[in-house]
Amino acid sequence: MNKKELVEKISVEQNVTKARAEEMVNAVFSTIVDELKAGENVKIPGFGNFVVKTRKQRTAVIPNSNRRVIIPSYRVAGFRPAKNFKDQVK
């Protein structure tokens, strides 16, 4: 399922226009992204947690030249599904 299909399904199930359904989907996604950018986790009971993880600084080797480079620490988004979610997907 892609975003367009999700919008169509929400539109039908909630009896709203596709434009309104797309606004709702965009609002949910942008809120999650904004919270993660701010370093906050987003917890949705029964679904899961969107979390921010920090990768440590590390040294990598470029294979062609055997040169070592330092990769600075950075943040990545992650998702941890809730037990209820995992049980439903099984």
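## Pocket lining

The lining of the largest pocket holds 11 nonpolar residues, no polar ones and no charged ones. Here Ala, Val, Leu, Ile, Met, Phe, Trp, Tyr, Cys and Pro count as nonpolar; Asp, Glu, Lys and Arg as charged; the others, Gly among them, as polar. The model is predicted: local features need pLDDT of at least 70, side-chain atom pairs count only at pLDDT 80 or more, and totals for chains, interfaces and linings use all residues. Residues are numbered from 1 along each chain as its sequence is written, and side-chain values use heavy atoms, with hydrogens and water left out.

The lining residues are Leu6, Ile10, Met24, Val25, Val28, Phe29, Ile32, Val33, Ile44, Phe47 and Phe50. Helix H1 (3-14) and helix H2 (18-37) are the elements that give two or more residues. H2 supplies the largest share, 6 residues. Helices (H or I, at least four residues) and strands (E, at least two) are DSSP runs, numbered from the N terminus.

## Sheet

Three strands form an open sheet in the order S1-S2-S5, with antiparallel pairing. Strands pair if DSSP finds at least two bridges between them. Strand S1 (42-44) and strand S5 (74-81) are the edge strands, each pairing on one side only. Neighbouring strands are turned by 25° against each other on average, direction ignored.

S1 and strand S2 (residues 48-55) pair over 3 bridges. Lysine 43 stands opposite asparagine 49 in S2.

## Helix on sheet

H2 lies across S1, S2 and S5, where contact means heavy atoms within 4.5 Å. H2 runs at about 35° to S2. Axes are lines fitted to C-alpha atoms, for helices over the stretch in contact, and angles run from 0 to 180 degrees between N-to-C directions.

Key
1 Å grid on protein atoms, 1.4 Å probe; cavity = no way out; pocket = protein on both sides within 12 Å on 5 of 7 lines; lining within 4 Å.
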